[in-house]
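Me: I would like to learn how to read a protein model. Can we go through it feature by feature?

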Amino acid sequence: MTKLQVAIDLLTTADALTLANKVADHVDIIELGTPLIKSAGLGVISAVKAAHPDKQVLADMKTADAGFLEADLAFAAGADLVTVLGTAGDPTVRGAVEAAEKHGKAVVADLIGVPNRVERAQQVVKLGVAFVELHAGLDEQAQPGYSVQTLLDDGQIAGVPFAVAGGVNVTSIAAVRAAGAEVAVAGGAIYGADDPAGAAAELKAALTQ
């Protein structure tokens, strides 16, 4: 069954905890966004994991270098999953995977900005990442003709475990589930809603019905 991941792209530990507390009952993975970790520090990982020990916490480090060191720091702080950029070199990916093995955790390769997502997805899975995140950033989503279906098609062609981030909402989430994604990542569709808990519950229901 496809898991639901909330992307918390806020800037303080207090705000992250407030949102996490609202939506935790309806999500499987709590993602702490890159701006949040840069702003609040690694302590936000420890705080959210302590508040929600039954949830997987993903530290969106987007590591581009020093793979072992950065992943080791995040895992030590309490992260269950850590992201490394798919555009990073293979030694960086291997280093992050080595840190994951040390802690009994897992690495996700974020393929934002990767020209050939299918090829790189297959490569990084062979290097030991648990799954890839097919991720269209805000700039890509703003381009004429963008559709989340492009990410879903790449995931199915690659034939590896994948998550999808970039335009996942109540309208598109059924297609994400049908494509066989491991994880559906929703950010603005949850934290931008008037009722984040209700929005998360609606998305989760669409994945489980």
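Me: Which residues in helix 4 meet which residues in helix 5?
Reply: Start with some ground rules. This is a predicted model, where local features need pLDDT of at least 70, side-chain atom pairs count only at pLDDT 80 or more, and totals for chains, interfaces and linings use all residues. Residues are numbered from 1 along each chain as its sequence is written, and side-chain values use heavy atoms, with hydrogens and water left out. Helices (H or I, at least four residues) and strands (E, at least two) are DSSP runs, numbered from the N terminus. Contact means heavy atoms within 4.5 Å. Now the case: Gly67, Phe68, Ala71, Asp72, Phe75 and Ala76 in helix 4 meet Thr92, Gly95, Ala96, Glu98, Ala99, Ala100, Lys102 and His103 in helix 5. By class, this contact of helix 4 with helix 5 has seven nonpolar, four polar and three charged residues. Ala, Val, Leu, Ile, Met, Phe, Trp, Tyr, Cys and Pro count as nonpolar; Asp, Glu, Lys and Arg as charged; the others, Gly among them, as polar.

Me: At what angle do helix 4 and helix 5 pack?
Reply: Two packed helices are described by the angle between their axes and the distance between the axes. Axes are lines fitted to C-alpha atoms, for helices over the stretch in contact, and angles run from 0 to 180 degrees between N-to-C directions. Helix 4 and helix 5 (residues 90-103) pack at about 30°, with axes 7 Å apart. That makes helix 4 roughly parallel to helix 5. Angles under 35 degrees count as roughly parallel, over 145 as roughly antiparallel, 65 to 115 as roughly perpendicular and the rest as oblique.

Me: How do helix 6 and helix 8 cross?
Reply: The axes of helix 6 (residues 117-126) and helix 8 (residues 148-158) come within 9 Å and cross at roughly 45°. Helix 6 and helix 8 are therefore oblique to each other. Arg117, Val118, Ala121 and Gln122 in helix 6 meet Thr150, Leu151, Asp154, Ile157 and Ala158 in helix 8. The residues of this contact of helix 6 with helix 8 divide into five nonpolar, two polar and two charged.

Me: What about helix 1 and helix 3: which residues meet there?
Reply: Thr13, Ala16 and Leu17 in helix 1 meet Val44, Ala47, Val48 and Ala51 in helix 3. The contact of helix 1 with helix 3 has six nonpolar, one polar and no charged residues. Helix 1 (residues 13-23) and helix 3 (residues 43-51) pack at about 25°, with their axes 10 Å apart.

Me: How are the strands arranged?
Reply: Strands of a sheet pair through backbone hydrogen bonds, either parallel or antiparallel. Two strands pair if DSSP finds at least two bridges between them. Here, eight strands form a closed barrel in the order 1-2-3-4-5-6-7-8, with parallel pairing. The twist averages 25° from one strand to the next.

Me: How many bridges join strand 4 and strand 5?
Reply: Five bridges pair strand 4 (residues 81-85) with strand 5 (residues 106-110) in the parallel sense. Leu85 has Asp110 in strand 5 as its bridge partner. Helix 4 (residues 67-77) packs on the sheet, touching strand 3 (56-63), strand 4 and strand 5.
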